[in-house]
Amino acid sequence: MLKGKHIVLGITGGIAAYKSVMLLRLLVKAGAEVQVVMTPAAKEFVTPVTFSSLSGKPVVSEFFTANTGEWHSHVDLGIWADLMVVAPATASTIGKMANGIADNMLVTTYLSAKEDVMVAPAMDLDMWKHPSTQRNIHQLQKDGVIIVSPGSGELASGLEGKGRMAEPQEIFSEIEDFFRKRQDFEGLKALVTAGPTYENIDPVRFIGNYSSGKMGFELARELSDRGAEVYLITGPVSLETPQSDKIKRIDVTSAQEMYEKATKFFPDCNISIFAAAVADYAPEKTAEKKMKRENAEEMVIRLKRNPDIASCLGAQKNNQLTIGFALETDNEITNAQKKLESKNLDLIVLNSLNDPEAGFMKDTNKIKILYRDGSIENYDPKTKREVAKDIIDAVLRYKRK
Ligand code: C5P
């Protein structure tokens, strides 16, 4: 469940910080990658060395490393995280989070967090009961933050009552539940094509394109995170497979190979997303030996058409959903709508090469999603990881209609 998940663990200055050592241990044992962020006060309770040793990553606490001047990007951390957990969360940090007072790395990361946030409050019973704290907790809940209620019992002050942080095992279970609930693709199988194809001219040369495969890999990651089993059929890319037991990666080189593998797995899949940039043509013949330079000024290579994977499978489908991509330089909407029809797709994701934030080799993308009923959704420029989430959300909405 937690394998490969990115979790930011925020630790604030309360005595319950010692319990977060256990929480970190449980998360790491379950296979999560954890980045600890501490407030300056938290370091008075437990040293960063304890957390960095257990997480295998240096603790982030300051905006800059004092001796090198290296900047720690709260924005990158916010994007990296699948979940941010603040445990323990003091009354002060809860107040800052509720009001956007970003005077330390932890609250700044919170304000940059794109995904969900969970908070485990820890304080004295009077502080917990105080109208100010309760107001801030309600505000956080309104902002979508998940609150792990504090328990009752003996408090560090010697008083008895509500305010002590939930036990590490309880917080860990809440985290597991959180990821389990997101399994809205559980039981489904998906096929994703990704990357370019290389069409060999001879043993050392090929016709290819600049596709990096990033979009397809992010789609595979998002689908598997949400419970789907994924066949990721990819052309030559220099990307690592997203960490997940649910992704089966199949490496191919040419369009013909991609077509054969996609045809093999398609009947088994509920959803197919064609994110690969497949070469339309391949050399009619691949030379067995490296072609020599001739004296002639020109050289002609005859090309033959490659199979259109999306079209062929679109023509065969029963209840399966098929999703394509269109990368256009002109008449983009009309061209994308034509492809939606001709390839018998359910929806098509359009990205325009005219847009500086969209396209090949980039980490960002700006998309429109077009549907068979003529409706169009416009999205803001986002990272490919966020775009993948938007696409999969759109697929889910479509499926449920
Ligand atoms: O026709 P065009 O190449 O622009 O269509 C793009 C869409 O069709 C993409 O989803 C792409 O993955 C898919 N495609 C395919 N096989 C091809 C060509 C394109 O699956 N031979």
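Residues are numbered from 1 along each chain as its sequence is written, and side-chain values use heavy atoms, with hydrogens and water left out. Because the model is predicted, local features need pLDDT of at least 70 and side-chain atom pairs count only at pLDDT 80 or more, whereas totals for chains, interfaces and linings use all residues.

Two packed helices are described by the angle between their axes and the distance between the axes. Axes are lines fitted to C-alpha atoms, for helices over the stretch in contact, and angles run from 0 to 180 degrees between N-to-C directions. Helices (H or I, at least four residues) and strands (E, at least two) are DSSP runs, numbered from the N terminus. The axes of helix H1 (residues 17–29) and helix H8 (residues 168–181) come within 9 Å and cross at roughly 40°. H1 and H8 are therefore oblique to each other; angles under 35 degrees count as roughly parallel, over 145 as roughly antiparallel, 65 to 115 as roughly perpendicular and the rest as oblique. The crossing of H1 with H8 is right-handed, a term for a near helix turned clockwise from the far one by less than a right angle, with anticlockwise giving left-handed. On the H1 side, Lys19, Met22, Leu23, Leu26 and Leu27 meet Pro168, Gln169, Ile171, Phe172 and Ile175 of H8, where contact means heavy atoms within 4.5 Å. By class, these residues are 8 nonpolar, 1 polar and 1 charged (Ala, Val, Leu, Ile, Met, Phe, Trp, Tyr, Cys and Pro count as nonpolar, Asp, Glu, Lys and Arg as charged, and the others, Gly among them, as polar).

Helix H9 (residues 214–225) packs on helix H13 (residues 384–400) at an angle of about 55°, with the axes 8 Å apart. H9 and H13 are therefore oblique to each other, and their crossing is right-handed. H9 contributes Lys214, Met215, Glu218, Leu219, Arg221, Glu222 and Leu223 to the contact, and H13 contributes Lys384, Arg385, Val387, Ala388, Lys389, Ile391 and Ile392. The contact of H9 with H13 has 7 nonpolar, no polar and 7 charged residues.

The structure holds 4 aromatic pairs. Rings of Phe, Tyr and Trp (its six-membered ring) pair if their centres lie within 6.5 Å; planes under 30 degrees apart count as stacked, over 60 as edge-to-face and the rest as tilted. Phenylalanine 178 and phenylalanine 179 form an edge-to-face pair, 4.9 Å centre to centre with 80° between the planes. Phenylalanine 178 is buried at 9% relative accessibility, and phenylalanine 179 is buried at 1% (buried means under 20% relative accessible area, exposed over 50%, partly exposed in between, with a 1.4 Å probe and protein chains only). The ring centres of tyrosine 231 and phenylalanine 265 are 4.3 Å apart and the planes are at 20°, so this pair is stacked. It links distant parts of the chain, with tyrosine 231 in strand E11 (residues 229–234) and phenylalanine 265 in helix H10 (residues 255–265), 34 residues apart. Both tyrosine 231 and phenylalanine 265 are buried.

Most residues other than glycine have a negative phi, and most peptide bonds are trans. The peptide bond from alanine 87 to proline 88 is cis, with omega near 0°, and proline 88 lies in strand E3 (residues 83–89). Asparagine 331 has a positive phi of about 40° and is exposed, with a relative accessible area of 56%. Asparagine 344 has a positive phi near 55° and is partly exposed at 29%.
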